[in-house]
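Work through the following exercises with the sequence and the 3D structure in view, and try each task before you read its solution.

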Amino acid sequence: GIVACDAHPDYPSSWLAESLARRHGARLLPLQHHLAHVAAVAAEHGRFPEPGERVLGIALDGTGWGPDGSAWGGEWLELDGDLGWRRLARLEPLLLVGGEAAVREPWRVAVAALVAAGEEHLLAATPVAELVDGQRLRSVVRLAGDPGWPLASGAGRLFEAAGALLGLAPVNRWEGEAAARLEAAAARARGPIAAWPELLLPEGGALPELPSARLLAAAAARVAAGEDPAEVAAGFHATFCRLAAELTARLELPAGTVFALGGGCLVNRLLGEGLATALEAAGHSVLLPRALPPGDGGLSYGQAVVAAVAAARGVEPRQVERPIV
């Protein structure tokens, strides 16, 4: 037998899986968080790859343990029918000044991002500056220049930081509050909102990245200039989707490539539908979670699918560096 679980070594579910595997003499199969998200969506639609096939996935959530020990959460993944997988692109990681405190207080992520983008001078003219004590803001500005803070590429951190920046929820009173309020504000915008033209993808780099810090800085510049926060929120969504589609195009995948979109951030309908529309306009096929929750409520299904495929095909999930054909 096989007991599948998340690869995060400190999850209670991982400890339970270890205990069950020992008790029943089963094989323990730890699986990367976002691999399971992609597998869940692909399998729900009957599109899990057969041997010789592949599926692409975009996983957007708050946090998933990465094999490099950092917090992942905005990944472009490729998975083949023999369970080889690799990361093709990601969101630019953001600093978590204060560690876990930055997850509870997304204003910290927003401030650190403005520092990283060289735009901290915009901070005083943004709504968050009216809601967070000035001394605390200046402290995080100073600390953001220090080495050693953890990094997170999670889309949840990015969208929560945008919500905090616009003054919608500097502190999460419940999980994802700032991101949920950002989506609600965007839905109130009048008329169609275009993506911001000033943002371009960075050139070079070993792993293509969506420029998270500069996206937040662009939002700060617009709200500081007096643009309505609802329109800034809508523009933020539109610009993220445009940049994500352009990042996908940079991967030079054949038209018609199947993309499975998963992760908790896909509860955001503006994000899910906007990203699907942008990818379909580029000629790709898009699978969205329908019967299963996009977030961790559907994760065990993805884990079970990968475990069943591993047993049936006699293969092991493994991260690979070479292109998957």
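**Exercise 1.** Sort the residues that line the largest cavity of this predicted model into nonpolar, polar and charged.

*Solution.* Begin with the lining itself, which is formed by His37, Ala40, Val41, Glu44, Pro289, Leu292, Pro293, Pro294, Gly295 and Gly298. Sorting these residues by class gives 6 nonpolar, 3 polar and 1 charged, where Gly counts as polar and Glu as charged. To complete the picture, note that the volume of the largest cavity is about 50 Å³, and that the structure holds 1 cavity of 30 Å³ or more.

**Exercise 2.** Decide how helix H7 is oriented relative to helix H8, and find which residues make the contact.

*Solution.* First locate the two helices, H7 at residues 155-165 and H8 at residues 177-187, whose axes come within 7 Å and cross at roughly 70°. Because angles of 65 to 115 degrees count as roughly perpendicular, H7 is roughly perpendicular to H8. The handedness of this crossing is left-handed. On the H7 side the contact involves Phe159, Glu160, Ala162, Gly163 and Ala164, while H8 contributes Ala178, Ala179 and Leu182. By class, these residues are 6 nonpolar, 1 polar and 1 charged.

**Exercise 3.** Describe in the same way the packing of helix H4 with H7.

*Solution.* Helix H4 covers residues 107-116, and its axis lies 7 Å from that of H7 at an angle of about 90°, which means that H4 is roughly perpendicular to H7. Trp107, Val109, Ala110 and Leu114 of H4 meet Arg157, Ala161, Ala164 and Leu165 of H7. Sorted by class, this contact has 7 nonpolar residues, no polar ones and 1 charged.

Terms used
Residues are numbered from 1 along each chain as its sequence is written. This is a predicted model: local features need pLDDT of at least 70, side-chain atom pairs count only at pLDDT 80 or more; totals for chains, interfaces and linings use all residues. Side-chain values use heavy atoms; hydrogens and water are left out. Axes are lines fitted to C-alpha atoms, for helices over the stretch in contact, and angles run from 0 to 180 degrees between N-to-C directions. Helices (H or I, at least four residues) and strands (E, at least two) are DSSP runs, numbered from the N terminus. Angles under 35 degrees count as roughly parallel, over 145 as roughly antiparallel, 65 to 115 as roughly perpendicular and the rest as oblique. A crossing is left-handed if the near helix is turned anticlockwise from the far one by less than a right angle, and right-handed if clockwise. Contact means heavy atoms within 4.5 Å. On a 1 Å grid over the protein atoms alone, a cavity is a set of points where a 1.4 Å probe fits but cannot get out, and a pocket is an open set with protein on both sides within 12 Å along at least five of seven lines; lining residues have an atom within 4 Å of a point. Grid points are joined across faces, edges and corners, and a volume is the space filled by probe spheres set on the points.
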